[in-house]
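Dear colleague,

I am passing on the structure below, and I would be grateful if you could look through it before reading my notes, which follow it.

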Amino acid sequence: MNFIKILDILSNKELLNEKGSRRDSFQQFKNVGKGIALASIPFGLAATSSKTKAATSSMATAAFQASNTDVLNFALTLEYLEADFYQMGLDSGVIPAEDQAVFNQISKHEDSHVAFLVAALGDDAIEKPTFDFTGGDLMLDPFNDYPTFMALAQGFEDTGVRAYKGQAGALANSNELLRYALQIHSVEARHASQVRRMRQERGWIIQDNNTLPDDFAAIYAGEDNLSQGGVNLSGMFGSFGGDDATTAAFDEPLTMAEVNAIASIFIA
Amino acid sequence: MKKMKSNNLQNSIRNDRRNFLKLSGAAIVGSGFLFMTGCSDDDDQPMPEPDPEVFDLGPGNLGILNYAYALEQLEAAFYERVLDGSYWAGAPSSEKQIFEDLRNHEVIHREFFKTAITAAVGSDTSLVLPDLEFDFSTVDFGSRDNVLNISQILEDTGVSAYNGAGELIDVSDSAGLTYLTLAGKIVSVEARHASAIRDLISPGSTNFASDMVLVDIGGSGLAYDKATPPADVLTAVVNTGFVVTPFTANNLPNS
């Protein structure tokens, strides 16, 4: 399943700056097909992208923006992943009775988001990837081990929030699509808060604290950003929870490439 | 000494604000906050007669920023009162923690907007929404139910307000894109708050993302937060009776 990797490449700003316009890359993609396009683009550069500059590079800039179709398919991939995950969780019996109502509700929402995006994309909608929730080498067992299920649920929701946020600028050319994306984005945040609190955590993200396995630190990378709109807020709110509260008061975006790197762990 | 202690919160707010503004004065150089004269798309409509006595939120992105600032002022003021009240004083530590966090976040949002707008308008600070006065005399801050109920309304309203405002931000330059991203950074935190408050009201249920607050898009199901236009949000806010200081929103963009 190389679609994610192709998206990853196409959304890599540095790579594209070197290789010419994005349109050219897309044309190449269309002309020669997935496999060959992959082979023809230097992977090393794509893999070591602008991750270190997460906080600034995730800002919507005019320098690079994906097409609306790219963005919606990107969102659809995540929604497919979430929808499958919760359905398999509910089917597996791993969820205790007292938590069923919550996960039924979340599952229902993810199914709706999939249905909406598939309808919005029409013929352009990607097919559902095959997911592997063991995470391959990570050998996770979320459908037999409830703490693992909960941890992944939190990771997917917090990632979803960051993913939609990172695409707001790219969708700003369409009032409707931007509005719909925002309407989904905040529901993912409601989910994230709920699952976090069920895991005895705060509903919000303090600094870049990762309480999931170390392999998922990328989900929280850059959440410790203290600079908002060019204003350095560091040390400003000593009487109001300090920098911990300041980082929690602002959620941070992830780029498409950063999200795809996380999601690809679960794509077979 | 005693008196100082009872005024501790007020003092720390003042101190924080003073420090904040002083320090940020240097920090804003080169920031994305440039004054925008962004006009609404409805130039052909007659402008309402301006009332020099009443503050108007203003046009374009300035108006949207002032609008968000008004909402954050309301939220912050409410949670400051919650933390002065007897419900909070006697609440279990987990609930105290949540309200303390919410107070902190909303104060931070409020002060952030004050600085951002002040930077955006340059020398003309008369364009910055003034500190609003609130009247919470109808709220029983000793009542858990009452406090949670108002909190839920404020957070759900905040979510729908930012969702509705996103498309009204003029993103034709990088400052506008910065504002849109900032709205996204804040709205998801408001949604996290809403979820937590709703779960306190009805723990372990579907209330955190209730069918009662979500809407449908295109027949795909009740799985989306509302996106409410400013006029409707402001009408709801005015109807709470909490806002004492009058202001108008006659020039906000509506598309």
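What percentage of the 255 residues of chain B count as buried? The share is 48%, where a residue is buried if 20 or more other C-beta atoms, placed from the backbone, lie within 10 Å of its own. Please bear in mind that this is a predicted model, in which local features need pLDDT of at least 70 and side-chain atom pairs count only at pLDDT 80 or more, while totals for chains, interfaces and linings use all residues. Residues are numbered from 1 along each chain as its sequence is written, and chains are lettered from A and ligands numbered from 1 in the order in which they are written.

Chain B has 8 helices and 4 strands, taken as DSSP runs (H or I, at least four residues, for helices; E, at least two, for strands) and numbered from the N terminus.

One helix pair deserves attention: the axes of α5 (residues 93-121) and α7 (residues 174-201) of chain B come within 11 Å and cross at roughly 155°, the axes being lines fitted to C-alpha atoms over the stretch in contact, with angles running from 0 to 180 degrees between N-to-C directions. α5(B) and α7(B) are therefore roughly antiparallel to each other, a term for angles over 145 degrees. Their contact (C-beta atoms, placed from the backbone, within 7 Å) involves residues including B:L102 and B:H105 of α5(B) and B:V189 and B:H193 of α7(B).

Finally, B:A183 touches B:Y162, B:A165, B:G166 and B:I169, leaving aside residues up to four places away in sequence.

Definitions and conventions: Buried ≥ 20, exposed ≤ 12 C-beta atoms within 10 Å, placed from the backbone. Parallel < 35°, antiparallel > 145°, perpendicular 65-115°, else oblique. Contact = placed C-beta atoms within 7 Å.
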